[in-house]
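I am opening a notebook page on this structure. My entries follow the order in which I looked things up.

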Amino acid sequence: MSLPSASAPSRRALLAAGAAAGAAGLVTVAGPAAASSPRRSAALVLHNARVFTGTSGHPHAEAVAVGRDGKILAVGSDSALKRFIGRDTQVVDARGGTVMSGVHDGHAHPMDAASRSLRPSLAGAEGTVEELQKTLTGFLKDSAEQEPDGWLVVEDWNPVGLLPQGTAPHHSMLDALPTRRPIALRGGDGHNLWANQRALDIAKVNASTPDPVGGKIVKGPDGKPSGVLKDDAQPLVSRHIPEPDETQLADAAAKILAEAAASGITTFMEAVVGHGELKLYQRLAESGRLLQRIVPALRVETDLTKDPKAALAYAKGLRADFADVPGLRFGTVKVFLDGVIEYPAQTAALLKPYLDKDGRPTDHRGDLYVSAADYGRLSAAFNAEGWQMHAHAIGDRAVRTSLDGYAHALRATGRRDLRNTTAHLQLVDPADLPRFAALGVVACMQLQWAARNTWTMEALLPYIGAERHRWQYPARSLQKRRAALAGGSDWPVDPLQVWNQIRTAIDREGMEETGDLYRAQEGLSRTSSLLMHTAGTARQLRMEHLTGSVERGKAADLVLLDRDVTRCPVAEISSTEVRLTLVGGTVVHDAESSAGRAAAARVTRAAAGPRPTSYASVHGGRHASCGCG
């Protein structure tokens, strides 16, 4: 869509109905004195800015001109770019704020965020069983019309949040609620589900039900299910939960993408994609509400990893079915190699066993869902066809398995240009750090997790010991060994807090502000953090020729910020606000439009601080939307 002409009212919104926001609130129209040739004039010029180009070519750039083809026309000083201002050029005063590439999120689940937003949320809070029951009773009262058979599905349950520490969830705690309804609490980490007995009965999960491939039914000493289902055991219950209305879900997804635009995100890798997610993206594109560039990572289920030919045929089939959807860029597949590391789940695969609460070794090394041999054969098959692999790997054994698989694929295909990726990297054995660069593997990290909190301390330190604990999220160690770094949020596992994420990569503390997590050893420089979330992720997604930096000829995927993030105190980066977001030269967020203000308000709530510390703080027990705002 083109920007408004000079004859348009100065505050006219730029976007059609249903899009995120307009840019007119920030735009002034150049006067008659700006008389350069229309053929050479820009559609938009941002000036009086601190331009972070992501390159070494323009260290002191002040302005960016956007061409009428949606590409960057010029980058330079205010005086040099005046020549691109014509009678109908829109001119934005950045007021000293940063202009930079839009944020490229290399691992997120925006369509899951949309689904979660339609259900009540615990927002990752902690508390006693009694406090949890009080909050859930509030949710039941809010939906009393669904008695006695309607499902109560609650999002963002904290699997390590029951107090006192070490309290294990059991279906009896949910059975005690004043209802007959089936209940399912979905873990905010995406790896745990807690169901009551009614839900287990509906799913026919009992003592004789075997663990599915890639999952675990937690059972008590009596051999009966406790109600907790891990990883690929979750669908045993979740497949019985009614799907939301398609129109309602599409509307929620459009709202979610508007939030992302208001956060400065211009590209997503959707990290778990099947037919349902692709249909939703298709619907958004058809209605003009797909705001970002999307790289769908097609999930290869665990049982399919042993059959590379069938897995490849499945991925090709999905690509063929949705190849015509504008905005989607196919070529990536996703595999889960393990689960999560924190107690009580402990499904992440470790090289050495977990410790018990007293620091004594156990015989448990977590769960490795795919062997190195199988992952190698699968990677070789996809790499030979030009596809890129994306592995979920939390524990050091899973990380090593991904690298062993990529080494096999490199030997089999000789291809180093595909940017195979390992995501999360919560724990990496030091011996494996140099292998990333040697194999050309991208390290996609979610560094908002690299802070001192319950997840990294109480639920982890006693169970792996100090020696291994020090190697959590080893960003600087990887960088020193020339690994390519990329950034991602894993939204909605966490609220979408883009700028706190960028800040935490630097100070390893973020808004938690309870002490840093190995800042001296693993904190990145400010420039490195900005680059890993822009150019680094564009490289991961094989889009660096198109976007990820502010250079002449690249797509105008840009953000204008309310401050200079290249110079402000690091702690202030967390509260950065996005004034303007462009994708391909089209404005997808304007903070001064009504829609933009609404989206920005939701982002501000999410970015206001760390997660709630108790169930009582979850809006008085009646929080009826997702924890991501």
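**Entry 1: R181.** I started at R181, which sits in the loop between α4 (171-175) and β12. The model is a predicted one, and I keep that in mind for every entry. Is R181 buried or exposed? I find a relative accessibility of 1%, so R181 counts as buried. I then listed its contacts, leaving out residues up to four places away in sequence: R181 touches L140, S143, Q146, E147, P148, D149, G150, W151, L152, N196 and R198. For one of these, N196, I looked up the separation: R181 and N196 are 15 residues apart in sequence, and their C-alpha atoms are 8.9 Å apart.

**Entry 2: the sheet with β12.** I looked up the sheet next. It is open, has five strands in the order β10-β12-β13-β15-β14, and its pairing is mixed. Which strands are at the edges? I note β10 (152-157) and β14 (215-219), each of which pairs on one side only. From one strand to the next the twist averages 20 degrees. Inside the sheet I checked β13 (residues 192-195) against β15 (residues 225-231): they run antiparallel and are joined by three bridges. Opposite W194 I find V228 of β15. I also looked for a helix on this sheet. Helix α3 (residues 129-142) lies across β10, β12 (183-187) and β13, and its direction is at about 135 degrees to β10.

**Entry 3: whole chain.** I stepped back for totals. I count 19 helices and 25 strands in the secondary structure of the chain. The chain has 629 residues, of which 60% count as buried. For contacts between residues at least 6 apart in sequence, I get 75% joining residues at least 24 apart.

**Entry 4: the eight-stranded sheet.** This open sheet has the order β8-β16-β17-β18-β19-β20-β21-β22, and its pairing is parallel. Why do β8 (103-108) and β22 each have a side without a neighbour in the sheet? They stand at the edges with a single partner strand each, so one side of each is left open in that sense. Between β18 (residues 332-336) and β19 (residues 388-393) I find five bridges, with the strands parallel. T332 has Q388 of β19 as its bridge partner.

**Entry 5: β21.** I took β21 (residues 442-445) separately. On the β20 side (residues 421-424), three bridges join the strands, which run parallel; T421 stands opposite V442. With β22 (residues 484-487) I find four bridges, again parallel, and A443 stands opposite L485.

**Entry 6: α10 and its partners.** I looked up two helix pairs that share α10. Helix α9 (residues 308-322) packs on α10 (residues 372-384) at an angle of about 45 degrees, with the axes 9 Å apart. That angle makes α9 oblique to α10. Their crossing is right-handed. From α9 the contact takes P308, A311, L312 and A315, and from α10 it takes R377, L378, A381 and F382. By class I get seven nonpolar, no polar and one charged.

For α10 and α11 (residues 396-413), the axes come within 7 Å and cross at roughly 45 degrees. These two helices are therefore oblique to each other. I read this crossing as right-handed too. Among the contact residues are Y375, G376 and A380 of α10 and D404, Y406 and H408 of α11. This contact divides into seven nonpolar, eight polar and two charged residues.

**Entry 7: α15.** How many residues of α15 (residues 498-507) are buried? I find 10 of the 10, so the helix is largely enclosed by the rest of the structure. The buried set includes the charged residues R503 and D507. Just after α15, R508 takes a positive phi of about 55 degrees.

Key: Residues numbered from 1 in each chain as written. Predicted model: local features only at pLDDT ≥ 70, side-chain atom pairs only at ≥ 80, totals over all residues. Heavy atoms only, no water. Axes fitted to C-alpha atoms, helices over the stretch in contact; angles between N-to-C directions. Parallel < 35°, antiparallel > 145°, perpendicular 65-115°, else oblique. Left-handed = near helix turned anticlockwise from the far one by under 90°. Contact = heavy atoms within 4.5 Å. Pairing = 2+ DSSP bridges. Buried < 20%, exposed > 50% of the residue type's maximum accessible area, 1.4 Å probe, protein only.
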